[in-house]
Amino acid sequence: MALNRLFAGLSIAVTPSVLGRRTIQIAAINYASKPNLVKPKPGFGKSYRRIVHFPEEYTVKPLEVTNLAGRDPVSGRVVAKGIGGGIKHKYHWINWFRDGPTEGPPQEEKVIQILECGCRTAHVALVAVGDKLKYILATENMKAGDIIKTSRHLPRIPVRANEGDAYVLGALPTGTLVHCIEKEPGQGGLYVHAAGTYGTILRKQDDRVIVQMPSKRPFSFSQYCMAVVGRLSNIEHGTTPIGSPQRNRWLGNRPRSGLWRRKDGRHGRKIKPPKPVKEINHPTKFPLPTIQLNMHP
């Protein structure tokens, strides 16, 4: 009974004639050395592609990255398949907080450089704010030397904002394209980060602003949530073909398993025999049965 309980998870038929003392000892050691690890599941906002080593204070210096190849950093087990290899990239730390004055003229910021980041789809802009530097997501037509404005003031009349400016949603007119929208005032831009995407301000209801997201679903935000005006850069990202399997490996995507084929693969469409011929006949009239009625129960 003890041997059967020991080998319950090993799928081995335990009989004295099959297993010797040495075999039992090796199997017991192997079984005891493999702890019962719980394999994590992908999703829930956790990335299994890379780990970024963030310092304690914000910096514009490109950060070091450790590629995970789809593995859990704690247990080392493969969680997300199809990830591995790829060119080693440095991570540019985006400052998601566009904070400006609540009264008076807006704060002016100057765009120093537009560059590509291999860890995200949209391009990145290096911006100078006073004597400090920070990275933000670049818009469609942003270029070096542009002056962008940031303000948290909610005026009585909507402002005419330029591309790259950051204002509260209540200060922007209806139909404005926005991205990097805050979920709550002061939390930093959370929504609409992908290349070429944008949200559209549809209407205003009391102190709420309705924004149509890239998924065409309307979201209701507070009028004090910050948003950046314009469409995000690198519009051709979604329509550019990979071109070759080698470039797909450069991007960090592993080849497919080969188990799927269109007609006879593991999850493909199976070839089934055709259905038999269905006969269409002229309907025949069946006589109704005669009903006998009488006065007796």
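Mentor: We begin with a term: buried means under 20% relative accessible area, exposed over 50%, and partly exposed in between, with a 1.4 Å probe and protein chains only. The model is predicted, so local features need pLDDT of at least 70 and side-chain atom pairs count only at pLDDT 80 or more, while totals for chains, interfaces and linings use all residues. Residues are numbered from 1 along each chain as its sequence is written, and side-chain values use heavy atoms, without hydrogens and water.

Trainee: Is V192 buried or exposed?

Mentor: V192 is found in the loop between β10 (189-191) and β11 (199-205). Strands here are DSSP runs of E, at least two residues, numbered from the N terminus. V192 has a positive phi of about 65° although it is not a glycine. Its relative accessible area is 10%, so V192 is buried.

Trainee: What is the class of A69 by accessibility?

Mentor: A69 is in the loop between β2 (65-67) and β3 (107-115). Its phi is positive, near 55°. Most residues other than glycine have a negative phi. Relative accessibility is 34% for A69, so the class is partly exposed.

Trainee: Which residue in the turn between β12 and β13 has a positive phi?

Mentor: β12 (residues 208-212) and β13 (residues 218-222) pair in the antiparallel sense over five bridges. Pairing requires at least two bridges found by DSSP. Q212 has P218 as its bridge partner in β13. The two strands form a hairpin with five residues between them, and the turn residue with a positive phi, about 70°, is K216.

Trainee: What is the relative accessibility of Q223?

Mentor: Q223 lies in the loop between β13 and β14. Leaving out residues up to four places away in sequence, Q223 touches L154, V168, L169, G170, D206, D207 and V209. Contact means heavy atoms within 4.5 Å. Q223 counts as buried because its relative accessibility is 17%.

Trainee: How much space lies in the largest cavity?

Mentor: A cavity is a set of points on a 1 Å grid over the protein atoms alone where a 1.4 Å probe fits but cannot get out; lining residues have an atom within 4 Å of a point. Two cavities of 30 Å³ or more are counted. I94, N95, W96, R98, I136, L137, H179, C180 and V228 line the largest cavity. Its space is about 80 Å³.

Trainee: Which strand gives the most to the lining of the second largest cavity?

Mentor: The second largest cavity holds about 40 Å³ of space. Its lining includes M226, A227 and V228. With three residues, the strand that gives the most is β14 (residues 226-229).

Conventions: Helices (H or I, at least four residues) and strands (E, at least two) are DSSP runs, numbered from the N terminus. On a 1 Å grid over the protein atoms alone, a cavity is a set of points where a 1.4 Å probe fits but cannot get out, and a pocket is an open set with protein on both sides within 12 Å along at least five of seven lines; lining residues have an atom within 4 Å of a point. Grid points are joined across faces, edges and corners, and a volume is the space filled by probe spheres set on the points.
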